[in-house]
Amino acid sequence: MLKWRTWLLTVVLLPLSVSASDYFEQLGWVKEQSELTNLIHYQDELEQVYQKNGNQLIWFDLHQGSSLEFRLEVIQRAGFSPLFERQLSYLQYFRKSNRWHEYDLLATDTLLLYLNYAEKAKSEGKDWFFGTQLDKPIRPILESSLMTLERAIENQQLAEVIDAYTPDSPDYKQLIESYLALINFQKVDLPFYQQTGLKREGDLLEDRDTLLARLELVDVDLSDVPRDLMEYDAALESAVKRFQRLHGLKPDGVIGPKTIKWINMSIDSRLSQLALNAERTRYWPKARDTIIVVNVPSYDMKYWSNGEQVFESKVVVGKKARPTPVMVTNLNALILNPTWNVPWKIMVEDIIPKVKRDPMYLYRQNIEILPKWGSSERIDPTEINWASVNPKAFPYRMTQRSGYHNALGLYKFNTPNSRAIYLHDTPSKGLFQSDQRAFSSGCIRVEHADVFADRLLKSQGISQTKVAEFNQQSNKAIPLRKGIPVHIIYQTAWYEEGKTHYREDIYHLDSFSASKG
């Protein structure tokens, strides 16, 4: 238990000319050489808060301080904020050293930082969670944050305010529940699971006890699994299949390298993954009225219309070298039988090298060469000396005619944006059978695109009769009556159907948190 003291201080009247940096030093709270000098970020606001509180300590309640430190611990585990990590470290140091004045000031300053962070995560979270990280004070401080803090101090409701500024979504709460459950195993000396070769039902297991213990870490139900066997029995195989589903693996019950990698994932790494993805929920959309959400690491897409999920599909996303970006865009039209204007990078890096090796490649792929976009003129590929072509200096453009073999398939779901990222059909249906589906050049290929198109048009009140009129036309756009927000997110852990699911960090966007904790 933490030891806390209540300090009642006499109001000291200081001259108005005293700077905020000297204010608490003259109160006798802070020594000149205190580490606190470089840790306080909102000096003027802090002076205002304490003057209104009669120059008394604020953090005299165990629950309030513990609540703040726990929220900071989650952010520290997430690994995206050196700033919050530093603040927590000094809060713990001041508390353990019984330096309560400094603890009080730093806790109040850090709470202001936390309130500011919580309010701005929806607009600035992308940079913090995927880009530059949060390592500088958030400015300007929001007036709403300051007023909230002052009311909380007046009503002695700091813990309630911390809770109010913490996400209340089921996604966040359940990830934190999983986080808390996993912490209970942190001090357990659990060895890695080892085996020789692949293991299937009926095989002997060298270390069945360790396997069971590691399955329990992620709340895999083992109630029907015998504990006194040495072999890989049917009940244990069912448990392994459940584990594989939670990690996006093929649920075949075969214990191989991919399954063992997840089985032996360290507790610290899982805690970091849970914490980071919990904090990312602050940035993701909460409303599920009419929206399309693509989660890249789960290779999954969901479509809600009027609050009801009407479509879900596997997707293929960008390969590691050409990742699908985290972004928000708007679906405004369905394009039937689309042509494909080949992006410059794909033309330079993929297509031209293939043409150099095989001059008939363009003919087989129904790809035409244009002088420039929009031109009706076509250039004969045989008139080009491909052997001497410098791909990066190629002066023309390429387009692929519509049809079943078009790279976009028969449907393009148009989402205008500067990154040229959109959803589309594909002729390569077999790719959807893979467990890991990072194969595209950045755009998102949708399984059962015809069903998606049908649900999309129905929800917009567009009749199939109108679609049939355009079915034989090339590149025919059907504008939607109302655009649909498309959120491309990156969530490597989430809660669904009573269980926490984990996925591989395919683009290494979680990597800055891997060593935390």
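Contact here means heavy atoms within 4.5 Å. Keep that in mind for the packing. One caution before we start: this is a predicted model.

Let's take helix α4 first, residues 82-96. At 1.5 Å a residue, its 15 residues should span 21 Å, and the end C-alpha atoms are 21 Å apart, so the two values agree.

Which residues of α4 are buried? They are Leu83, Phe84, Gln87, Leu88, Leu91, Phe94 and Arg95. These residues cover an arc of only 130° around the axis, so they sit on the same side of α4. What do they pack against? The buried residues of α4 meet α3, residues 62-78, and α5. After α4 comes Asn98, with a positive phi near 55°.

Now α5, residues 100-130. This one does not reach its straight length. It has 31 residues, yet its end C-alpha atoms are only 36 Å apart. A straight helix would reach 45 Å at 1.5 Å a residue. Where is α5 kinked? The kink is centred on Ala121 and is about 90°. α5 is also mostly covered, with 25 of its 31 residues buried.

On to the core. The largest nonpolar core has 152 residues. α5 gives the most to this core: 16 residues. Residues with the most contacts inside the core include Tyr117, Trp386 and Phe452.

Last, Phe452. Leaving out residues up to four places away in sequence, Phe452 touches Ile292, Met301, Tyr303, Phe311, Leu331, Phe413, Leu423 and Val446. Of those partners, Ile292 and Phe413 are also among the residues with the most contacts in the core.

Key
Residues are numbered from 1 along each chain as its sequence is written. This is a predicted model: local features need pLDDT of at least 70, side-chain atom pairs count only at pLDDT 80 or more; totals for chains, interfaces and linings use all residues. Side-chain values use heavy atoms; hydrogens and water are left out. Helices (H or I, at least four residues) and strands (E, at least two) are DSSP runs, numbered from the N terminus. The expected span of a helix is 1.5 Å times one less than its number of residues. The bend at a residue is the angle between axes fitted to the seven residues ending there and the seven starting there. Buried means under 20% relative accessible area, exposed over 50%, partly exposed in between (1.4 Å probe, protein chains only). A nonpolar core is a set of buried Ala, Val, Leu, Ile, Met, Phe, Trp, Tyr and Cys residues joined through side-chain atoms within 4.5 Å. The arc is that of the directions from the helix axis to the C-beta atoms.
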